[in-house]
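Biologist: I have a model open and some questions about it. Start me off with a strand pairing, please.

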Amino acid sequence: MTTETPLIDAYVDWLHSLTALSAHRASRLLNSQVRIRNPEAEGVGSEAVKAMHAALFDDAASVTIRVLSRASDAERNTTYLRWDRLIASKTGARQALSGITEIMVGLDGKIASVTEYWDSVPDALPQRGFFQKLFGK
């Protein structure tokens, strides 16, 4: 049985179209005190969600996130998203990551909690040096 979940659909659409400049667009879906957590960081509020997702683009040539499947409880208060993420850095290095995001919806009908569970913690991508950034290499 398929049920409509416009809030989760909008969140998935946001993930699929995520850019460094569009990270703030999730705020319309989020509770003002939303909690976000992954194996490397955690925060509270829509600014924390924005910052954590915008940070994916630090020194990245491209970031691709694809939600592969989802499952929800009967009341649709908790949804699990299975996803893959690929980051290609400006140096040509690649980082692939798979995981599950647990999304909890609050009483106000907005996302109250986003918790990411990663299959493994990836190695950090090599950062470009000052002169490489300065000259666009």
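**Working through the fold**

Biologist: Which residue in β6 is the bridge partner of Ile36?

Modeller: Val114 is the bridge partner of Ile36 in β6. Before going on: this is a predicted model, in which local features need pLDDT of at least 70 and side-chain atom pairs count only at pLDDT 80 or more, while totals for chains, interfaces and linings use all residues. Residues are numbered from 1 along each chain as its sequence is written, and side-chain values use heavy atoms, with hydrogens and water left out.

Biologist: In what sense do β1 and β6 pair?

Modeller: Strand β1 (residues 30–38) and strand β6 (residues 111–118) pair in the parallel sense, over four bridges. Two strands count as paired if DSSP finds at least two bridges between them. The strands themselves are DSSP runs of E with at least two residues, helices are runs of H or I with at least four, and both are numbered from the N terminus.

Biologist: And β1 with β2, parallel or antiparallel?

Modeller: β1 and strand β2 (residues 41–44) run antiparallel, joined by four bridges. Arg35 stands opposite Val44 in β2. The two strands form a hairpin with two residues between them.

Biologist: What is the order of the strands in the open sheet?

Modeller: The order is β2-β1-β6-β5-β4-β3, six strands with mixed pairing. β2 and β3 (60–72) are the edge strands, each pairing on one side only. From one strand to the next the twist averages 20°, with axes as lines fitted to C-alpha atoms (for helices over the stretch in contact) and angles from 0 to 180 degrees between N-to-C directions.

Biologist: How many bridges do β4 and β5 have?

Modeller: Eleven, with strand β4 (residues 78–89) and strand β5 (residues 94–105) pairing in the antiparallel sense. Thr79 stands opposite Ile103 in β5.

Biologist: Now the helices. Which strands does α1 touch?

Modeller: Helix α1 (residues 6–16) packs on the sheet and touches β3, β4, β5 and β6. The direction of α1 makes about 155° with that of β3. Contact here means heavy atoms within 4.5 Å.

Biologist: Where does α2 lie?

Modeller: Helix α2 (residues 46–54) lies across β1, β2 and β6, and runs at about 40° to β1. Ala48, Val49, Met52, His53 and Ala54 of α2 are buried (under 20% relative accessible area; exposed is over 50%, partly exposed is in between, with a 1.4 Å probe and protein chains only). Those buried residues pack against α1, β1, β2 and β6.

Biologist: What pattern does the protein chain follow along the sequence?

Modeller: The pattern is α-β-β-α-β-β-β-β-α, from three helices and six strands. Of the 137 residues in the chain, 41% are buried. Among contacts with a separation of 6 or more, 49% are between residues 24 or more positions apart.

Biologist: Different topic. Which residues other than glycine have a positive phi?

Modeller: Asp59 is one of them, with phi near 65°; Arg76 also has a positive value, near 60°. Asp59 is in the loop between α2 and β3 and is buried, at 10% relative accessible area. Arg76 lies in the loop between β3 and β4 and counts as partly exposed, at 36%.

Biologist: Last one. Which residues form the nonpolar patch on the surface?

Modeller: Tyr80, Ile100 and Tyr117, with about 280 Å² of accessible area together. Accessible areas come from the Shrake-Rupley method with a 1.4 Å probe, and for residues only the protein chains shown count as cover. Patch residues have over 30% relative accessible area and no salt bridge; like charges are joined within 9 Å, nonpolar side chains (Val, Leu, Ile, Met, Phe, Trp, Tyr) within 5 Å. A salt bridge is a side-chain nitrogen of Lys or Arg within 4 Å of a carboxyl oxygen of Asp or Glu. Tyr80 is in β4 and is partly exposed, at 38% relative accessibility.
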